[in-house]
Structure formats: structure tokens, C-alpha cells
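Morning, everyone. Please bring up the structure on your screens.

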Amino acid sequence: MVSEQKIADVSFESLLRIFTIPEGPDSTLTQIEESLSKNLNQFLREHIVAEEKPLHEIEKDFSSAAIPEQPEFVSAHTEHLLDTLVSHSVHTSSPSFIGHMTSALPYFLMPLSKIMIALNQNLVKIETSKAFTPLERQVLGMLHKLIYSESEPFYNKWMHSSEHSLGAFCSGGTIANITALWVARNRALKADGDFQGVEKQGLFKAMKHYGYEGLAILVSERGHYSLKKAADLLGIGQQGLVAVKTDEYNRICPEDLKHKFAELKQQSIHPFAVIGVAGTTETGNVDPLREIAAICAEESCHFHVDAAWGGATLMSDRYRTILDGIELADSVTIDAHKQLYIPMGAGMVLFKDPQAMKSIQHHAQYILRKGSKDLGRHTLEGSRSGMAMLVYAAMHIISRPGYELLINQSIEKARYFAELIDKQSDFELVSKPELCLLTYRYVPENVKLALEMASERDRDELHDLLNQLTKFVQKKQRETGLSFVSRTQLNPIRWSGRDTIVFRVVLANPLTSTEVLSNVLDEQREIAQSATALTSALNALANKICD
């Protein structure tokens, strides 16, 4: 006999239950909560499958555009989420998931996140956040001090000043970078005489008043893609984002930066900001920040550092000198959801000058009144959650020396992996790690020899075959599900700037062991050797060149 399925009813009383009455002790949701609290990693291993289900198959579970007319019981829907969503999500906390900047999270963030969600504070306004506003201001102060090392009297004066802000808490690095460049643009095109400022009269009248034919932001060729969005939104166009040459270590060339300034000024184009990158997304390299700062000071130009990835390195007394000169920046972006090990959605932009954010200040009679300590007056985003609470908690629970240990192990692990790759006869290290990112590729030993001897034409063909092989290995490794590395395209000077597809790894996860790294190389070697058509073509060409 088939048991009758229980059907939830639509009534105000049943709706009240989901707002007021928790699930029973034997419910699926309660069991999940207990399992997550006891051992998060065990839960993830059990509920996230190893083998990947094709995306077109997953899409079938999410194909209806109709809002349900029949409510579901909470536990029944939780089972549905386990089957259709959780089981086909990405296990970003896995020690062998080393392809992106997401990592394992400290266990305490889960129960604290529940408190944050339950309180549901909105940090746009002190009336909807109360204690969360001074907490967020303190977090911004902590990061500001980490970067700029101002005196205690400085923070006593400015951290909780109702008319000022040391920075803004954002949903991520993209919004943080846009905010920094928004401030830079408004300060460059500020009110002057009869002109009321770009924020009031717009870009056309601003450039007409100042006599500019255009505006520009200067950034290295390795700048993050979010900067194109910023250029678009700020009205200067993507062509206004001017790329500066990088050297063999993927760092901006100061001489080319000076050349670009001169070139733009000859065209009556005003460069209002330069961006130095502290931890490029693709290779993890850090621009010569001190040299860039000197050029910006000479040109009276806003200097912004995109340290979304590398900013946390300042926690390490051993390695913070890698970011030498960051304290000279006018603004700095840091993402807490990267190397501060906070869940997604926690970015920050910090400003050296507490007055800087006045250039983008906005008021509204019903919510953002003059004289109040509302943080929403200085943020691009309006309503924002209390994510600062998690950063605050982590910085107290882990502490600076704890973060230093995490940063040190990640950098040293990357150096170990680079040495391990160098020892392999059939792998090539493409970019050495400066922080904890590195790139490499699989190159059979005979192909390495052929690359050195080949004509330009044959070298092009070898590179094309190697690029195909790298793509194949990366895709197959991801589909197999045992480990994951990402891939990107670089243009190494060693190979005359040729398009070179490479494996990219990020070694921030403290759970990633040296054994895992050895296994990743073994797996890639095995997959590469199974691509018989590609390896045969490579070997045939290599043998022809060497003969």
C-alpha cells in the first residue's frame, strides 16, 4: 500500500509557523544543521558528488519559470535541495580544489552566520543596524591601520566621525574598485568657480570646463576585468582604460607608465587614476607600488591599489614587504572573502584621507540625513548585510599572528609546488609564485628540447598543440572530479609573447597537503598521456625537429 503524501496548505497560520516555530528534532533540516555543525567537511564529502553531472542535465531540474501555487514542507524542500542543488555544487573547500581563490572556511563562521542572518541588520542606516554600524566602522579602521599605520589619535578622531568614513564595506572587489575610481573621478572633476562638480553637472560639462578631450585610467596589462566595468560605469568608456606594459614577471613597467602619461597629455586626455595591482588574478604578482606612487605624486594623480587578493599579506611580518609602498596609495581594495577566509560577499575599499569619500556623499531625507553616522551615505550599494560582523569575529578569533601563519604557509606551499614542478622532466613552470599563485603546463621532455631548437614556424605549431593538450587535460581533470586546477592564457616573454595556455593554481587552502600536490601532477600526467592523438602529433613534430 502506497503511503499518502502529506501536502502543505496555504494559510496564514502555516505561514506564521515558518516564522516562529523551528523544525522538530527528527526533521531533515535539523539533522542537516547538526551534521553541518559537527563536521562541515564530512557533510560536504557526503553530499557533493565526485563525478560531474552535465550542466544540460542539471538545467532540467531548474527549467520551470512558474512560481509554485502549492507550498512545500520545509524538510521536503530541504531534501529536494540536497538532491538537485547541494549534490551538484562545487566542493570549494576540498584540499584538491586549487584552481580558484575560494577556500575552506573556519567552522565557527557557520553558527555566527546564523546569528547575522537572524538579526537581518541593514547597514545603510543606523536605524536599521545600531551596533553593527560602529562595528563596521571599527573593521574598516582595523584594515585602514593595517595598511596605513596611522596613530591612535588619528583613529580616535576619524573612525567614528559622523561626517567622514575611512572606507566602505562592499559586496566584493568589483564594487570596491568602482567606489575608489568613483571617488578619484569626482575629486579630479570637482566644483570649480561656476562649475558645480561632475556629480551635479555631468561628465560632458566637466570635461568642457576643464578643457579635457577625454579621461583615462592607467593599469597594467594584468589588471582585473572589473576595471573595464568601472570605466564603463564612470562614463570614460573601456577605451579610457589604458593598458601599461608589464615585464617578464607580469609587473607594470614604470617607464612605460611615464610614457603613457606623456602620450595622453599630448592628446589633452586627463589620466585621473593609476591602478597598481597587489596580487594579479592570473599570476599573483605585485606591481612596484613604491615606484608607481612616486610617479602619481609627480603627476598629481590618484593612486589606487587593487589588493583584493594580496592585501591580506600585510598580516604577515615575514612577507608584508612584498607589498612595499602600498601605504602610499590614496585608496586600497581588499577582499575578506579571499585570504581573510570569510564567506563570499565581503569586500572593502579603504581611503588614506578620511575626507575622500565626501566627494561621493549622498543624502535622503527619509533615511540618510546630514549629521547622522549612516554608512550608506558613502557607499555605492544601499542596503547591505552585516558581513562586517564575520570579519570582526575572524580577526578576533584567528588574530593577526594566526593570519600570519595562514599567509606564510600559503606562500611557502606555492614555493614548494614550484620547486616540485621544476624537478619534473615533463612539466614547465611558467610563472614563479610571488604570493601563493603560480602557473605551469605539461610539456613532454622531448618537446622541451624541440622548442629550443625549432624554427619560428615549428615553434608556433608546437605551442598550438601544447595549448590544445593543456585545455584537454584541464577539462578532463575537472570532469573526473578528483582535483581541480583552472587555466588561463599568458604571453610569456620567454616564448616571444606567444599565446600560451597554462594551468593556474591558488594554494590558500590550509588543508591542501604536499601529497595532494603530487597527486595533482600525477593525474595531469596520466590524462595527458591518454590524449594519444595530441601526444602523437607532438612527438612526431618534436622528433622531426630534433633529427
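First, a definition: on a 1 Å grid over the protein atoms alone, a cavity is a set of points where a 1.4 Å probe fits but cannot get out, and lining residues have an atom within 4 Å of a point. This is a predicted model, where local features need pLDDT of at least 70, side-chain atom pairs count only at pLDDT 80 or more, and totals for chains, interfaces and linings use all residues. Residues are numbered from 1 along each chain as its sequence is written, and side-chain values use heavy atoms, with hydrogens and water left out.

Which residues line the largest cavity? They are Phe97, His100, Thr102, Ser103, Val506, Ala508 and Asn509. Three lining residues are nonpolar, four are polar and none is charged. The cavity holds about 30 Å³, a volume being the space filled by probe spheres set on the points.

Now the sheet. Strands are DSSP runs (E, at least two residues), numbered from the N terminus, as are helices (H or I, at least four). Two strands pair if DSSP finds at least two bridges between them. Our open sheet has seven strands, ordered β1-β7-β6-β5-β4-β2-β3, with mixed pairing. Its edge strands, β1 (167–170) and β3 (241–244), each pair on one side only.

Look at β4 (residues 269–277) and β5 (residues 302–306). They run parallel, joined by five bridges. In one of them, Gly276 partners Val305 of β5. Helix α13 (residues 289–299) packs on the sheet and touches β4 and β5; contact means heavy atoms within 4.5 Å.

Note on methods. On a 1 Å grid over the protein atoms alone, a cavity is a set of points where a 1.4 Å probe fits but cannot get out, and a pocket is an open set with protein on both sides within 12 Å along at least five of seven lines; lining residues have an atom within 4 Å of a point. Ala, Val, Leu, Ile, Met, Phe, Trp, Tyr, Cys and Pro count as nonpolar, Asp, Glu, Lys and Arg as charged, and the others, Gly among them, as polar. Axes are lines fitted to C-alpha atoms, for helices over the stretch in contact, and angles run from 0 to 180 degrees between N-to-C directions.
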